[in-house]
Amino acid sequence: MILRKELPQEIKRFFEEIGVQEEELLLTTDSDLDLEGNYSTQWLVLSSTRLMNIGLKGALVWIVKEFNLNELTSVRVDRRVGNASLEVEKKGQFYEVIRFSTALIGKFEGFSTEITAVLKGRDLIPTTEQQGEKEHKQKRHLKQRLSWASPKSTRKNRLLPRIFQLLKPYHGTGVLLVFLLLTGAALDLASPQFFKVLVDNFIETVALPAWFLAFALWFKQNSNIQYLLLLVLALGLLQLLRKIIRLIHNGLITKVASQIAFNLRNRLFKKLQELSFSFYEHHQVEQLMVKITQDVEELRGLILQATHNVINILLLIGAGILLSALELHLAVYALLPALFVIGLTLVYWNYEPPSYRSYWHKKAKLNEVLSTLLSRLRISKTFGQESRETENFKYYNDHPRQSMSKRGRVSGAFHPIISCLFGLGSLIVLYCGGQNVLRSELTLGTLIAFFSYLKMFYGALSQLTNINQWFISFTSTVQRIFQILDSEPKIKKSPQAVDFEFTGAISFEELTFGYDPNFPVIKDLNLTIEPGELVGIVGPSGCGKSTMISLLCRFYDPDRGRIMIDHVDLREINPACLRQQIGLVLQEPYLFRGSITENIAFGRPDISFEEIMAAAKAAHAHDFIINLPDGYDTILGERGSGLSRGEQQRIVIARALLGNPKILVLEEATSSVDPESEKAILEALEVLTKGRTTIIITHRLSTLSHADRIIVVNDGTIRETGSHQELLSLNGLYRRLLETQLPYLRNQQVATSSTRRAN
Amino acid sequence: MGHGSKVNYLQPQKLKVWLGTAGELCVSPDGEKTYQHVKIFRTRPISAPNKYLSFRVGYTQTEQEELGILIDLKPLPAVTQALIENELDKRYFIHQILSIQSIKEEWGILSWKVNTDKGYMEFSLSNRDQPQIIPIKERGRLITDANGNRYVIPDLKLLDSRSRLEFLRHSNC
């Protein structure tokens, strides 16, 4: 990476004045802090002879610091908290050259590498980029690295079309449901008319309405008793039909909602299988479980509730129209309280969303805390911290209670107020309507029918005051679910991905990577491993050993550089082909609940039992498995419980060996096992590693005595490389690491021999 | 011999099995060398009880050496099969449940009263969890009681209806 950012005119003029030719500038870039830690623009400039920090304030330009390159021996980035600085070594002392904020660390790390190259006499070909373009690329790269969710899941105006898309397979059933809803609402609205006839015409003896006479004639009924019978039968039939429709409707909607939930859970799980490791670093397993189980179940419930909302809307509209048709002035009196209710509801809706979100977050946090506390139960018992953990749980348990309590106070007041207002409306209608009946301006039957419709109207309105809560729950639940479904895996299969049989040649070329791109864990690492070579990688904790393996297995892609297997870029190899030909044994033996056979053959359903036994035999696991009461059929508990750590590890080694991988990676495979198991594993490994490219990462340096080569890594770079004896004789980092494990070495004289240091 | 990292498969046509003077099982895998006090282990006692049998000598697990694996009993002569099955019966002492008289639950403990091929038995399971009741093939069940004794129901359908109902009522496996 070489960059020459376009210099501001003021600096260009300044350089002209002091005789610095722009053509001789190799690297130029700006920083955002001055050496005192104030936000200010300063420029780092590298020419063929000098390294300078140029200050710029308005039209004022000055040299803040300047160093001659021939006086410098090395360059480094000194990371601090929230900022860092570029430092140069001159006569054994480090001097600060320029300071910058955390966001620019990646850029200056790259600069540090380039300046080092210049100090070592390598030629650079300067490349000029447009001002801002590099930052834009870096920002985009950073956003891509840190972001996992597509923005489309968070845009609310895109949710409705996506929900319809979700419901698309059920459109046919949807049409039927709408028909049932409409019919049901119509039947509900028809009943009061029959009651009106009953009261007016059989109790008040008013003349029968024409529509009823026509209805009766159709059934050939023409006497009062027959009319009454018909009326009662019609009412009964209405009720029956209503119940049947409700039955069918409930059955259909439950089936549809359950099917949607089933499909969503499958889609979510499938998506989670596709996502890369980096996704799981930002999401806890407990949160994901909540999304798959609770959120989907909540959505199912909300879909069921959706139809009730539709029914209420239909009843509201229908009852409103019929109220107005029966008695307009009474309808006005009935609507007055309704207007107050609507106004109050709008105010309530403003309050509800944040309080609901707050409650949901606190509930989710409680689930998370509960899961964490239960998972560390063993540790809490070991240290006698049960009371403290209980207090901890109580603290978080209280938050949803408080939140719900607060919500409950408000909603507890809201609903009774609504009921009072509706009650007031009914009383007004009763008084005014009663007066009209007494004055014979209104029939009793009409008033009774009016009350029936009023009850429907107020009932529907009361239910609909909760529609906002329903809507918020629905959209937020759907958003959470879509967040997962919209996530894109960071590691993708190339369209030109190839399959081939490995010979086991590996090369890491200028590899740079950080879980946070601003903080690279591996820096410009170069390493070549020949086929069949046994290489040990050692170094202090956090130096990047495990990261190298994660990159080799393509759990992550590098930020810069590449990894090649048999001269093919890892990103161009079919991931399935890669997984099959790399056998991985991690420190933590990942076993699952199932038989030993299933655990060894995981991911290889086509494998024969003979091959499983051969792998177990090779891993020195066969003998202890045979001695278990159920042999290979032994069901292991969660995480392989029921076996010792060493036995678990040997099963994992057997799994890794299945398929005869060309590259074997062992990460701390013996670090947490007993000496007997370690001996068995090492004996197995001695045979297994023959003819296979093997990388062993270990803290136990004594296990690397047979390694062809040992690589010593520190701070993301290779510091030493050589055989065990060669590294001992260097008296460097390897020896110091070994001495912490084998103190007698401190007293040993080591014969000098030819050695190699890492370049 | 199968010591080391490779599996040795025994050839049925070369395998000789007989009883020694003390009633111990003697084996000659290849007609040349002879081994006494041979033990036979099932590699897959639940899923394939008469296949992939491991012939071993030695007392403890660390001392043991595997002579080889016999893939299937069937090709062997009937007499040899009988000797091997007899040896397996010594190692794998399992009661076959013929009928279930009752299963009672109290304080999380299931108390079983059953008739087996070895007579009437009473045993307890510590709870209703599945590790103690393992499915065998489609309809079989292997039960391990609190003392480690083993009981097998080869086929639930072959139990009388009362026994089957009693089992299903108290087991969700």
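# Two chains of a predicted model, in questions and answers

Chain A has 23 helices and 21 strands, where helices (H or I, at least four residues) and strands (E, at least two) are DSSP runs numbered from the N terminus. This is a predicted model, in which local features need pLDDT of at least 70 and side-chain atom pairs count only at pLDDT 80 or more, while totals for chains, interfaces and linings use all residues. Residues are numbered from 1 along each chain as its sequence is written, and chains are lettered from A and ligands numbered from 1 in the order in which they are written.

Colleague: What percentage of the residues in chain A is buried?

Modeller: A residue is buried if 20 or more other C-beta atoms lie within 10 Å of its own, exposed if 12 or fewer, and partly exposed in between, with C-beta atoms placed from the backbone. Chain A holds 759 residues, and the buried part amounts to 30%.

Colleague: What share of the contacts in chain A with a separation of 6 or more comes from residues 24 or more positions apart?

Modeller: Two residues are in contact if their C-beta atoms, placed from the backbone, lie within 7 Å. Among contacts in chain A with a separation of 6 or more, residues 24 or more positions apart account for 72%.

Colleague: Is helix H7 of chain A oblique or roughly parallel to H14(A)?

Modeller: Helix H7 (residues 224–274) and helix H14 (residues 467–485) of chain A pack with their axes 9 Å apart, at an angle of about 40°. Axes are lines fitted to C-alpha atoms, for helices over the stretch in contact, and angles run from 0 to 180 degrees between N-to-C directions. Angles under 35 degrees count as roughly parallel, over 145 as roughly antiparallel, 65 to 115 as roughly perpendicular and the rest as oblique. H7(A) is therefore, relative to H14(A), oblique.

Colleague: Which residues of H14(A) make the contact with H7(A)?

Modeller: H7(A) contributes Leu264(A), Arg267(A), Leu268(A), Lys271(A) and Leu272(A). The residues of this contact comprise six nonpolar, no polar and two charged; Ala, Val, Leu, Ile, Met, Phe, Trp, Tyr, Cys and Pro count as nonpolar, Asp, Glu, Lys and Arg as charged, and the others, Gly among them, as polar. From H14(A) come Ile481(A), Ile484(A) and Leu485(A).

Colleague: How is H4(A) oriented to H14(A)?

Modeller: Helix H4 (residues 159–167) of chain A packs with H14(A) at an angle of about 75°, the axes being 11 Å apart. The orientation of H4(A) to H14(A) is therefore roughly perpendicular.

Colleague: Which residues of H14(A) meet H4(A) in their contact?

Modeller: By class, this contact has four nonpolar, two polar and one charged residues. H4(A) supplies Leu159(A), Arg162(A) and Ile163(A), and H14(A) supplies Thr475(A), Val478(A), Gln479(A) and Phe482(A).

Colleague: Which residues does Ala497(A) touch, not counting residues up to four places away in sequence?

Modeller: Ala497(A) lies in the loop between H14 and strand E10 (506–513) of chain A. Ala497(A) has 16 other C-beta atoms within 10 Å and is therefore partly exposed. Beyond residues up to four places away in sequence, Ala497(A) touches Glu572(A), Ile573(A) and Asn574(A).

Colleague: How many residues of strand E19 of chain A are buried?

Modeller: Thr693(A), Ile695(A) and Ile697(A) point one way from E19(A), Thr694(A) and Ile696(A) point the other way, and all are buried. Strand E19 (residues 693–697) of chain A is largely enclosed by the rest of the structure, because the buried residues number five of the five.

Colleague: Which residue of E19(A) is the bridge partner of Ile537(A)?

Modeller: Two strands pair if DSSP finds at least two bridges between them. Strand E12 (residues 534–538) of chain A and E19(A) pair in the parallel sense over four bridges. In E19(A), the partner of Ile537(A) is Ile697(A).

Colleague: Which helix gives the most residues to the side of chain A that touches chain B?

Modeller: The contact takes 16 residues from chain A and 16 residues from chain B. Helix H18 (609–618), helix H19 (622–626) and helix H21 (675–688) of chain A are the elements that give two or more residues to the side of chain A. With five residues, the helix that gives the most is H18(A).

Colleague: Which strands stand at the edges of the open sheet of three strands in chain B?

Modeller: The order of this sheet is E3-E4-E5 (chain B), with antiparallel pairing. One side of each edge strand is left without a neighbour in the sheet, because each has a single partner strand; these are strand E3 (39–42) and strand E5 (65–72) of chain B.
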